[in-house]
Structure formats: C-alpha cells, structure tokens
Amino acid sequence: MHSKNKKAMTAAERAHVERVKSLPCSVCDQGHESEAHEMKQGQWYTSAALCSDCHRGPINGWHGQKRMWAVMKMDELDALAVTLERLFEG
Ligand SMILES: [Zn+2]
Ligand SMILES: [Zn+2]
C-alpha cells in the first residue's frame, strides 16, 4: 500500500495520529496536546508530535523561521525519531 495520492485517512492512520497528538512536543518537550506535523502530506506515518509554537510559530516553528529547531539542533527526522521512540517505548 504505497499510494502517492492523497486519500482519506484509514482508521489505523487516524488512531496513529491521535496517539501522536497525545505526546509532548518532540522538539521542546512542552505540553500534552501536540499537533501532528506530516513530513510528507498524506503520509500520516511520517507525523511528528509538535506543540503549536514549534509547529506553526512564526519565529520558532517549522513552518516559520525554525528558531527553536536551530536551538535544539533538530530537523524533521530527529523530531520523528523522538515521536516514534515515545510511541514505542511509552
Ligand atoms: Zn514545542
Ligand atoms: Zn506541519
């Protein structure tokens, strides 16, 4: 199953994303209600748990100037690794 086209989320994908969103931010460790950042649109298993600031913040966020990411010396794959580690070890 490697559909490249955007399709409706499966039940398993939805459950995975809900688990991701229950984790603290993978970059700054804040909070318990994170957002799921999909590294590749429609590929839900590439989702990292990010707080709203590290996700969409204009200064700190991945979709902004990425300042927090620079401070923490992290990129998307580092955040994904933290998310997966917490999912599988949590
Ligand atoms: Zn954060
Ligand atoms: Zn995002």
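1. The buried residues of helix α4 are Glu 76, Ala 79, Leu 80, Thr 83 and Leu 87. Buried means under 20% relative accessible area and exposed over 50%, with partly exposed in between (1.4 Å probe, protein chains only). The five cover an arc of only 100° around the axis, which puts them on the same side of α4. The arc is taken from the directions from helix axis to C-beta atoms.

2. This is a predicted model: local features need pLDDT of at least 70, side-chain atom pairs count only at pLDDT 80 or more, and totals for chains, interfaces and linings use all residues. Residues are numbered from 1 along each chain as its sequence is written, chains are lettered from A and ligands numbered from 1 in the order in which they are written, and side-chain values use heavy atoms, with hydrogens and water left out.

3. The buried residues of α4 pack against α1, β1, β2 and α3 (67-71); contact means heavy atoms within 4.5 Å. Helices (H or I, at least four residues) and strands (E, at least two) are DSSP runs, numbered from the N terminus. The face of α4 turned away from the buried side carries exposed Leu 77, Phe 88 and Glu 89.

4. The zinc ion (ligand 1) is coordinated by the SG atoms of Cys 25, Cys 28, Cys 51 and Cys 54, at 2.3 Å. Donors are N, O and S atoms within 2.8 Å of the metal (3.2 Å for Na, K and Ca); water is not among the atoms, so sites may look incomplete. Their spacing along the chain is C-x2-C-x22-C-x2-C.

5. Cys 28 and Cys 51 are both buried.
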